[in-house]
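Have a look at the structure first, then read on.

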Amino acid sequence: MFELLGIPPQALLGQLLLGLINGSFYAVLSLGLAVIFGLLNIINFAHGALYMMGAFVAWMLLNYAGIGYWPALILAPLIVGVFGIVLERLLLSRLYHLDHLYGLLLTFGLALIIQGLFRNYYGISGLPYRIPDALAGGYNLGFMFLPKYRAWVVVASLVVCFGTWFMIEKTRLGAYLRAATENPVLVGAFGVNVPLLIMLTYGFGVALAGFAGVLAAPIYSVNPNMGADLIIVVFAVVVIGGMGSIMGSILTGYFLGLIEGLTRVFYPEGSAVVIFVIMALVLLVKPEGLFGRAT
Amino acid sequence: MSDAQTANALLSVRDLNGWYGESHVLHGVDFDVQEGEVVTLLGRNGAGKTSTLLAIMGILGKRTGAVTYNGAETIAMAPRQIARLGIAICPEERGIFAALNVDENLMLPPRIADGGLDLERIFELFPNLRERRRSQGSKLSGGEQQMLAIARILRTGAHLLLLDEPTEGLAPVIVQQIGRTIAALKKEGFTIVLVEQNFRFAASVADRHYVVDQGRVVDMIPNRELDANMDKLHAYLGV
């Protein structure tokens with residue numbers, strides 16, 4: 001077998017796969033944040049907590065109701081989405097006329113409350129969630145071992161990300177959403193129910209986080225802090241990609257996951273900070289982000 | 001104006017007060033628009049013409065008074081409900097969505113009633129748009145943006161069109177095209193309230209002119225009496 005800079009290819013490919021998995025979560029989560037920020041003007045700091053909720057709802061469905069992984073993949077995002085809609089109606093909708101900072105503070109507080117509640121009832125040691133039987137095991141590709149579940153995570157996230165992109169960029173509903181992101185007053189003056197559109201958008205963005213949570217449950221243990229750990233990196237991803245762009249947030253998510261993986265191979269000490277270094281560089285050179293529109 | 005006229009009016013505005021944030025910009029606007037008429041609001045910059053249109057649509061900050069359309073009182077309605085009665089606006093800044101292409105901009109306003117123009121008729125009125133259907137809203141010239149802003153409110157079935165300075169900043173040949181379009185829309189049966197600075201243009205398309213000054217309607221001049229009232233009008237407009 002060939003070697004690259006003294007790195008065995010198994011290690012390189014293994015880390016790239018791991019990077020792609022992390023990138024899948026970055027992409028799905030930063031996509032939801034971008035959609036929410038675009039229309040609601042809210043920096044949704046509760047996103048990590050809602051991702052964690054998605055994983056917990058899947059765990060609860062299995063352990064309290066005997067409902068397995070596949071139904072949970074649909075049900076948990078729906079439940080988290082409805083929870084998000086309740087938050088939007090009761091709390092967030094009062095903040096739209098204020099500065100971004102208020103939405104950030106409110107959702108940050110909500111995140112702490114949600115995480116605190118789960119910590120109180122389930123502790124922090126983490127709960128196991130089994131990989132579904134159909135996705136147990138893996139493929140031996142000759143040069144590396146590919147666990148089926150990890151391949152599934154990458155495929156599922158790609159489908160969801162590009163499905164969302166298609167819906168926003170190519171459909172009539174998406175045209176309403178893009179138009180309302182630019183000028184909600186005028187869209188309302190054409191007879192469109194903009195408050196309903198906003199509510200459903202938040203529900204959808206949050207459901208994406210819930211979906212990522214279900215995907216994550218069998219890989220990472222189901223833990224009240226799982227979202228808090230991830231969300232900081234995801235915000236860095238969003239800053240690098242630029243808040244405004246749907247495709248930008250998707251591509252940046254996968255790209256930074258891979259960069260992180262590569263760093264783990266060539267300079268493991270830097271893997272925890274490489275995304276933040278890139279964020280600092282991007283902010284210096286192109287403050288609106290790689291795909292952002294200057295405002 | 002006579003009570004009979006008021007009773008028949010498609011749009012009737014009474015004692016309309018409006019606020020833009022903290023500042024009180026409309027101080028009791030009164031006027032009527034009959035079915036099928038083209039009426040202009042003339043006045044100096046800052047007189048309250050645009051604010052009047054925004055207030056009719058319900059998108060000025062706050063409004064009080066009475067605005068009845070087709071017999072329905074709209075003062076407490078949300079803009080989307082007012083739109084659903086059959087009123088549509090073409091705003092001064094045109095409001096073309098940069099992230100949408102021409103087709104998407106055109107198809108954006110939902111249909112609210114039967115009787116809107118079909119796409120074929122719209123492209124007859126605005127042939128330039130047909131060739132640019134796939135172009136992004138941000139890539140259009142000023143004239144194309146203006147045509148698109150008018151075109152997209154024609155297919156929804158809205159019956160009363162509020163046009164805010166459709167000729168502003170456009171080349172004379174495009175101003176003429178928009179003049180012909182407004183005449184054609186009147187023939188199709190649309191009722192139009194037009195805000196204009198350019199009263200030569202206004203005189204070429206309108207039935208009546210309301211003069212707006214300091215947030216009130218101060219005079220009404222039928223178009224056929226415009227020549228006789230030129231001196232008065234010059235004094236109002238300060239030109």
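How many residue pairs are in polar contact between chain A and chain B, counting those with both at pLDDT 80 or more? This is a predicted model, and the count comes to 7 residue pairs. The rest of the picture goes like this.

**The contact between the chains**
- Chain A brings 18 residues to the contact, and chain B brings 22 residues.
- Between them, chain A and chain B bury about 1700 Å², with carbon and sulfur atoms giving 64% of that.
- On chain A's part, E182(A), A189(A) and F190(A) supply 35% of the area it buries against chain B, more than any other three residues.

**Charge pairing and chain A's side**
- There's 1 salt bridge between chain A and chain B: R178(A) pairs with E104(B), and their closest N and O atoms sit 2.8 Å apart.
- Helix 6 (172-182) and helix 7 (184-189) of chain A each put at least two residues on the side that touches chain B.
- Helix 6 of chain A gives the most to that side, with 6 residues.
- Sorted by class, the side of chain A that touches chain B has 10 nonpolar, 4 polar and 4 charged residues.

**The second largest pocket**
- Its volume is about 550 Å³.
- The lining takes 23 residues, and P184(A), V185(A), V194(A), P195(A) and I198(A) lie nearest the centre.
- Elements giving two or more residues to this lining include helix 1 (9-40) and helix 8 (194-216) of chain A, as well as helix 3 (79-85) of chain B.
- Helix 7 of chain A gives the most to the lining, with 4 residues.
- By class, the lining splits into 14 nonpolar, 6 polar and 3 charged residues.

Technical notes:
Residues numbered from 1 in each chain as written. Chains lettered and ligands numbered in written order. Predicted model: local features only at pLDDT ≥ 70, side-chain atom pairs only at ≥ 80, totals over all residues. Heavy atoms only, no water. Contact = heavy atoms within 4.5 Å. Buried area = accessible area lost by both parts, 1.4 Å probe. Salt bridge = Lys/Arg side-chain N within 4 Å of Asp/Glu carboxyl O. Polar contact = N/O pair within 3.5 Å; in protein donor to acceptor, adjacent residues only side chain to side chain. Nonpolar A, V, L, I, M, F, W, Y, C, P; charged D, E, K, R; others polar. 1 Å grid on protein atoms, 1.4 Å probe; cavity = no way out; pocket = protein on both sides within 12 Å on 5 of 7 lines; lining within 4 Å. Points joined across faces, edges and corners; volume = space filled by probe spheres on them.
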